Amino acid sequence: MSWAIIQQSLPMFGKGFELTLWLSFVGIIGSIVVGLICSLVQYFRVPVFRQIASVYVEISRNTPLLIQLFFLYYAFPVLGIKFGAQLCGIIGLIFLGGSYMAEGFTGGFNGVSKSQVESGKAIGLSRWQLARYVVFPQGFSLSVPAMAANVIFLIKETSIFTVIAIPELTNTALDLIGMYYRSNEYLFVLVIAYAIILVPLSIILTLLEKRVRYGTFGN
Amino acid sequence: MAHSGISVLFEGTNFMRLLGGLWVTVKIAAVALIFGIILGIILGVLRTFKNRPLRVVLRLYLEFFRVVPTVVLLFLFYYILPRQMNFNLPADQLATLVFVLWVGAEMSDIVRGALISVPRHQIESGKAIGLNRFQLYRYVLIPQSLTLEIPATINLATRVIKTTSILLLISVMDVINIGQQIIEANNHTYPTGVFWVYGLIFLFYFLIDYPLSWWAKRLEKRRLEKANG
Amino acid sequence: MADKVLEVAHLEKFYGKKHVLHDINFSVDQGEVVTLLGPSGSGKSTLIRCLNGLETYQKGTITFEGQKIVPTEKNWQQLRQKIGMVFQSYDLFPNLTVMDNILLGPTKVQKQDKQAARQEAERLLASVELSDYANAYPRELSGGQAQRVAIVRALALHPDFMLFDEVTASLDPEMVRGVLNIIEGLADQDNMTMIVVTHEMNFAKQIADRVLFLQDGEILEQTSSKQFFSNPQTSRAKEFLDSMDF
Ligand SMILES: Nc1ncnc2c1ncn2[C@@H]1O[C@H](COP(=O)(O)OP(=O)(O)O)[C@@H](O)[C@H]1O
Ligand SMILES: [Mg+2]
């Protein structure tokens with residue numbers, strides 16, 4: 001392993017790092033918005049939208065991101081719909097992440113104990129009040145660990161963007177390896193770069209899971 | 001235009017070739033799951049033991065396979081095994097190996113999580129009738145943890161199947177790779193073929209994963225109903 | 001002199017820095033029924049769990065049937081076949097039927113003959129009036145029934161000594177009597193040696209030969225049942241008995 005080679009590659013990896021972060025950020029925000037909409041539509045049983053949401057969730061969760069991206073990037077242009085690679089990446093990530101976030105929120109809402117819901121009803125809360133004062137506040141905090149797990153998952157999924165040549169981290173490494181045949185160095189930097197992003201998140205996730213477990217079960 | 005495109009699927013042996021590719025995909029996923037689950041059960045049980053160094057090592061193993069994206073894992077093995085260790089494997093076997101290790105890591109966490117969630121008084125009453133450690137796992141912990149483990153394992157299987165899509169990156173002749181070949185070979189005659197080929201592959205994945213997810217969800221729902229009386 | 005089944009000497013127990021048992025000394029004779037009384041948090045559970053190896057202790061010795069116990073997990077595992085224990089929670093194994101719950105110890109731990117063990121299990125089930133439930137799963141039982149099965153499960157190993165930790169504390173009131181009757185039967189007819197932790201004072205008074213009164217991890221009184229209930233020596237014990245209101 002040569003430090004000189006690693007050093008020379010750092011500016012390129014820096015750009016890849018930024019792009020990975022940026023695409024993840026936009027994708028995650030978008031996923032949360034989509035997920036929230038879907039879970040609310042399902043919670044309030046809004047006719048039609050609710051069916052659309054559940055069909056979307058099933059399609060999105062049961063197909064690989066890679067094929068979703070290929071579809072967006074290669075197949076859609078045939079229909080006259082064309083996006084740049086990065087936009088495809090973001091749309092694909094949101095399409096994927098929206099369903100995971102939706103399930104996370106729904107899981108949280110469903111996790112609110114029956115006795116809580118019943119005591120809410122018992123004091124005469126309306127459906128909306130029940131959601132507003134009982135189900136949502138408790139449900140969102142219950143869904144936090146699932147959200148955090150999804151964040152980690154989605155960041156890792158951006159590595160798939162390499163298949164449509166978005167120059168994020170993985171793509172940068174593979175390009176460099178292709179050009180200079182120094183796999184050890186570039187893979188090393190690549191793993192470290194992901195570790196820098198994901199290890200802190202993973203630690204936070206572990207803490208959150210403990211918190212919620214204590215929170216829900218008392219001790 | 002889009003109408004004629006669909007016939008690309010039935011041109012010559014195209015459809016059979018795609019099915020053949022799907023078979024490669026499914027085979028790799030299945031082998032990886034079988035061995036990965038066995039590995040994961042062993043590691044998961046070991047992770048519930050008191051031995052600290054062992055637990056730390058296994059935890060680091062898990063975290064490594066969790067933090068590094070699967071694509072990157074694949075390339076780590078793809079480049080490092082042959083170049084550093086002079087260990088050459090055909091791409092499909094290499095991919096299977098990576099998947100086994102990855103599934104083993106994920107599975108170990110499922111197994112450990114399920115084992116430690118068996119209530120403490122269950123362990124104590126097992127001990128109180130004189131069960132030894134092996135018997136405690138065999139008759140109390142493992143059977144009781146299965147209802148938690150099975151849905152999680154099925155979900156892991158759906159993830160593995162989806163993740164096989166990255167086999168393309170190391171040139172395994174899986175369903176996507178064959179799809180690409182068909183698209184390229186027919187680009188002139190069927191310019192909209194790309195839509196149908198990817199559409200079909202999309203459908204293949206969905207048809208495999210959807211029933212599995214549905215099954216996992218149902219088992220999980222039943223488990224919760226039982227747990228909450 | 002009656003045979004001492006159990007002797008506890010200078011037992012000390014810490015949870016981390018917290019000192020929960022202070023210099024515990026007592027013994028139990030063959031056929032004797034000792035009740036362990038004391039306010040919540042006084043260390044009753046901790047003490048009897050030490051006697052079954054479910055808790056470690058930092059100092060002191062436990063002697064069982066004349067043998068000083070070397071407290072390794074392996075030794076405890078052997079001893080637990082002779083020292084049965086029943087807990088407050090109905091802790092049947094939910095994955096096994098009532099019959100299989102009972103048979104697990106005799107057939108897997110003691111490697112008894114299946115047929116004989118089953119006959120014995122049926123006899124025991126009949127004695128607690130649960131013959132009809134042999135093939136039921138624990139979730140189909142009421143709390144009282146589950147607790148009776150838990151007692152049978154412990155007895156199926158033919159222990160020499162039984163520990164009961166508030167076995168009626170989480171039962172509905174109408175279920176309590178049935179469970180207590182079984183314990184009384186064990187004491188009177190089978191002459192079982194046992195330590196009973198309970199909050200049922202009338203039951204304690206009736207069944208106990210001797211009372212250990214525990215407070216803040218110390219044995220404050222150790223006297224005959226008669227003496228303890230009619231004339232407690234310490235003000236703490238008096239307060240305790242007053243508070244129990246029976
Ligand atoms: N696992 C534990 N860790 C720390 N402290 C404990 C633990 N279990 C019990 N204790 C403490 O030990 C003391 C005795 O508890 P316990 O034996 O359960 O009392 P009792 O059965 O008389 O109600 C209490 O102060 C309790 O808080
Ligand atoms: Mg207690």
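These numbered points comment on charged contacts, one surface patch and annotated spans in a predicted model.

1. Across all chains, a search of the whole structure finds 20 salt bridges. One of them pairs the side chains of Lys217(B) and Glu103(A), at 3.7 Å from N to O. Because Lys217(B) belongs to helix H9 (residues 193-227) of chain B and Glu103(A) to helix H4 (residues 85-111) of chain A, this pair joins two chains. Lys217(B) counts as partly exposed at 43% relative accessibility, and Glu103(A) also counts as partly exposed, at 25%.

2. Within chain C, the side chains of Lys82(C) and Glu65(C) form a salt bridge of 3.8 Å, N to O. This pair links distant parts of the chain, 17 residues apart, with Lys82(C) in the loop between helix H2 (73-79) and strand S6 (83-86), and Glu65(C) in the loop between strand S4 (59-64) and strand S5 (67-68).

3. Arg177(C) and Glu184(C) meet through their side chains in a salt bridge of 2.8 Å, N to O; Arg177(C) is partly exposed, with a relative accessible area of 40%, whereas Glu184(C), at 11%, counts as buried, so its value falls under the 20% cut-off. In chain B, salt bridges that share partners connect Arg47(B), Arg66(B), Glu106(B), Asp109(B) and Arg159(B) in one network.

4. On the surface, a patch of positive charge gathers Arg45(A), Lys114(A), Lys121(A) and Arg127(A). Arg45(A) sits in the loop between helix H1 (3-43) and helix H2 (49-61) of chain A, and counts as exposed at 52% relative accessibility.

5. An unreviewed UniProt entry lists several spans of chain B as "transmembrane region", including residues 20-46 and 93-111. Residues 20-46 are 100% helix, with end C-alpha atoms 39 Å apart, and residues 93-111 are 100% helix, with end C-alpha atoms 26 Å apart.

Conventions. Residues numbered from 1 in each chain as written. Chains lettered and ligands numbered in written order. Predicted model: local features only at pLDDT ≥ 70, side-chain atom pairs only at ≥ 80, totals over all residues. Heavy atoms only, no water. Patch = residues over 30% accessible without salt bridge, like charges linked within 9 Å, V, L, I, M, F, W, Y side chains within 5 Å. Areas by Shrake-Rupley, 256 points an atom, 1.4 Å probe, with all protein chains shown as cover. Salt bridge = Lys/Arg side-chain N within 4 Å of Asp/Glu carboxyl O. Lys, Arg positive; Asp, Glu negative; His and termini not counted. Charge placed at Lys NZ, Arg CZ, Asp CG, Glu CD. Helix = DSSP H or I, 4+ residues; strand = E, 2+ residues; numbered from the N terminus. Buried < 20%, exposed > 50% of the residue type's maximum accessible area, 1.4 Å probe, protein only. UniProt positions renumbered as here; feature names shortened; annotations may be inferred.
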